[in-house]
Amino acid sequence: MRSATPWSTVFDYTLVATGQTLYMVGVSTLIAVLLGTPLGVWLQLTAPGGLRPRPLVHKLVGFVVDLGRSMPFLVLLVLLTSLTRLLLGHTIGPTAAIVPLAVGAIPFVGRLVQNVLSEVHVSVVEAAVTTGASTLRIVRSVLLRESLPALVNAIGVTAIALLGYSAMAGVVGGGGLGDLAVREGYQRFNDRYLWATVVVLAVIATLIQFISNRVARGVDRRRHASV
């Protein structure tokens with residue numbers, strides 16, 4: 001009968017895998033936010049009733065965004081293998097997994113940002129327009145500022161979604177907690193690794209949600225004004 005893996009060994013392996021997962025999720029979330037936010041702003045500006053309505057452009061961009069959102073991540077992971085190899089020279093490891101993670105999250109963030117911006121009350125936008133403010137100023141000082149708490153929560157939702165995607169990326173050599181769970185836990189029938197990865201993933205998701213909620217409350221000007 002095979003002896004159980006010492007918890008100290010499980011801890012060491014899990015610690016390394018956790019670092020890889022945080023690296024993948026952190027970098028891919030940053031890239032997705034930097035590229036997805038302008039995409040969401042563009043969708044909102046070109047929407048019917050937006051500041052710069054362009055129905056045809058809006059429909060075309062929206063179609064591409066929805067197509068990207070509907071793509072199963074494992075399929076996207078395989079499709080972007082050539083792009084990942086072109087950019088990095090390899091397709092294995094946490095850094096390689098960042099490419100499909102970021103690409104898959106950009107349209108997700110874009111649609112979230114558009115939905116958040118569309119909730120800004122039209123009277124606030126109209127007031128800014130009557131003052132002669134430029135489109136860029138309205139976007140920066142009105143749309144983004146008024147919707148900042150919801151945007152922070154959207155970033156938290158994105159990070160948690162990417163946490164799950166990173167676990168899937170580990171199945172095909174992306175490293176991290178998903179790789180540890182499959183390679184050491186499932187394939188070698190080691191329950192200690194399985195439970196350790198499940199607990200760590202749950203803790204990380206809970207911390208991300210807690211932090212995003214606290215930050216969102218901290219930047220909510222309406223909440224501070226009512227105090």
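Predicted model: local features only at pLDDT ≥ 70, side-chain atom pairs only at ≥ 80, totals over all residues.
Residues are numbered from 1 along each chain as its sequence is written. Local features need pLDDT of at least 70 and side-chain atom pairs count only at pLDDT 80 or more, while totals for chains, interfaces and linings use all residues; side-chain values use heavy atoms, with hydrogens and water left out.

**Exercise 1.** Work out how many helices and strands the protein has.

Solution. Start with the terms: helices (H or I, at least four residues) and strands (E, at least two) are DSSP runs, numbered from the N terminus. Counting then gives 11 helices and zero strands.

**Exercise 2.** Find the residues that are linked with D66 in a network of salt bridges.

Solution. A salt bridge is a side-chain nitrogen of Lys or Arg within 4 Å of a carboxyl oxygen of Asp or Glu. Step one: D66 pairs with R69 at 3.3 Å, N to O. These two sit three residues apart in helix 2 (residues 55-70), so about one helical turn separates them. Step two: D66 also meets R111 at 3.0 Å, N to O. This pair joins helix 2 to helix 5 (residues 94-117), across 45 residues. Together, D66, R69 and R111 form the network.

**Exercise 3.** Is E184, the salt-bridge partner of R183, buried or exposed?

Solution. Buried means under 20% relative accessible area, exposed over 50%, and partly exposed in between (1.4 Å probe, protein chains only). E184 has 8% relative accessibility, so E184 is buried. R183, at 33%, is partly exposed. Their side chains meet at 2.9 Å, N to O.
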